[in-house]
Structure formats: C-alpha cells, structure tokens
Amino acid sequence: MDQLSMSSARLRSETIAARDRRQELLEGRLSGGYPATVFLSLNIPGAEKNPPGASALFSWVLRRLLDEFPDAENLVRSSDTLGPYAVISLHRESVGVKRRCIAIETAQPYARLVDLDVFDGSGRQVGRAALGLLPRSCLVCDLPAVECIRLRRHAAGEVKGRADELLAFCRD
C-alpha cells in the first residue's frame with residue numbers, strides 16, 4: 001500500500017471513530033431527560049475541518065448559542081478529526097429551540113457553515129420540515145444542499161472555495 005492510500009485509509013478510520021464517539025456522547029445526553037438537546041458543529045467541506053477562521057466561527061456561534069440560552073446545562077465542548085463541536089441540554093421546548101437555532105444559522109452569511117442540530121426529549125431530531133421550512137440551500141447554489149451533495153452537482157474545489165470565502169469573514 002502506498003503512502004497516499006495509507007493516509008487516506010487512516011483518515012477514513014479516524015473519521016468513522018470520531019463519528020462513533022460523537023454519537024455515543026449524543027446518545028448519552030439524549031437519555032438525560034431534557035426536553036431539548038443541541039449539538040453544535042461546523043459544516044466545513046473537505047478533509048481539513050479546522051481551516052483558518054473555523055475556530056473564530058465556532059467561538060462566535062457558541063457565544064451566540066449561550067447568549068440565546070443562558071439556562072443551558074451540561075455543556076460539553078471538544079474537537080476531533082471532524083472539527084470542533086459542543087453539546088448542550090435545555091429545559092425548553094425543542095421546536096422553539098430549533099426556531100432560535102435557525103435564527104443563529106441565518107444571522108450572518110458565514111453562519112451558513114454552522115450546524116445546530118436539535119433533538120427532542122425522545123431523541124428525535126427536530127428538522128426544518130417540522131417548522132414548515134425548506135431544507136438548507138447548497139453553499140454554491142440555491143438548490144437543497146442534501147440534493148447537491150447526493151448528486152455531486154458541484155466540484156469539490158468549488159464547494160471548498162465557497163466555504164473559504166465565508167470563513168474569510170471570520171479570520172483576524
């Protein structure tokens with residue numbers, strides 16, 4: 001196996017392990033009896049999940065989240081191969097929490113790179129559809145992001161370039 005293949009295999013393995021650890025953390029939090037749980041992460045395309053500007057963006061959104069929900073409990077903040085993340089628990093109604101999280105996600109153009117997943121007390125994710133909203137749009141075009149990703153509608157470099165443009169607003 002050549003160096004590139006070994007590096008790629010190691011990255012895949014680390015990514016899967018990070019997803020598994022995040023899922024275990026989230027499942028543990030969802031069993032805590034809170035009516036709402038928020039999982040904060042960044043949606044950075046490409047292999048580099050902590051490029052210049054990502055830390056500042058993460059800090060900005062975490063501050064906004066904690067300002068919006070000063071009663072947040074059990075904050076866990078960490079970082080792994082997938083980038084920085086945080087989990088908070090709330091004694092609040094999950095649909096209202098999702099509405100407020102969407103307001104944060106749409107507050108600034110660069111906030112498009114923020115992902116605030118909200119789960120109800122039963123562990124079900126509260127999506128935009130539950131609020132009668134359209135899915136998030138693609139970073140490059142106005143079509144639903146999930147559709148563009150699934151169909152590989154845009155070149156990886158184009159998507160990464162758009163993310164870099166947005167992160168430029170977060171760099172010192």
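Reader: Leaving aside its neighbours within four places in sequence, which residues is Ser 41 in contact with?

Author: This is a predicted model, in which local features need pLDDT of at least 70 and side-chain atom pairs count only at pLDDT 80 or more, while totals for chains, interfaces and linings use all residues. Residues are numbered from 1 along each chain as its sequence is written, and side-chain values use heavy atoms, with hydrogens and water left out. Contact means heavy atoms within 4.5 Å, and by that criterion Ser 41 is in contact with Arg 22, Pro 84, Tyr 85, Leu 113, Val 114 and Asp 115, its neighbours within four places in sequence being left aside.

Reader: What makes Ser 41 buried or exposed?

Author: The label rests on relative accessible area, where buried means under 20%, exposed over 50% and partly exposed in between, computed with a 1.4 Å probe on protein chains only. Ser 41 has a relative accessible area of 8%, so it is buried. Ser 41 lies in strand β1, strands being DSSP runs of E with at least two residues and helices DSSP runs of H or I with at least four, numbered from the N terminus.

Reader: How do you know that β1 and β4 are paired?

Author: Two strands pair if DSSP finds at least two bridges between them; β1 (residues 36-42) and β4 are joined by seven bridges and run antiparallel, with Asp 120 in β4 as the bridge partner of Ala 36. On β3, β1 also pairs in the antiparallel sense, over six bridges, and there Val 38 has Ile 88 as its bridge partner.

Reader: Why is β4 called largely enclosed?

Author: Six of the seven residues of β4 (residues 114-120) are buried, so the strand is largely enclosed by the rest of the structure. For β3, eight of its eight residues are buried, and that strand is mostly covered.

Reader: What makes a set of residues a nonpolar core?

Author: The term is used for buried Ala, Val, Leu, Ile, Met, Phe, Trp, Tyr and Cys residues joined through side-chain atoms within 4.5 Å. The largest such core has 32 residues, of which Val 38, Leu 40, Leu 57, Leu 65 and Leu 116 touch the most other members. Its largest share, seven residues, comes from α2. A second, separate core of six residues includes Phe 39, Tyr 85, Val 87 and Phe 119.

Reader: How many residues line the largest pocket, and which lie nearest its centre?

Author: On a 1 Å grid over the protein atoms alone, a pocket is an open set of points where a 1.4 Å probe fits, with protein on both sides within 12 Å along at least five of seven lines, and lining residues have an atom within 4 Å of a point. By that rule 43 residues line the largest pocket, with Leu 42, Asn 43, Ile 44, Asp 115 and Ile 149 nearest its centre. The largest share of this lining, six residues, comes from α1.
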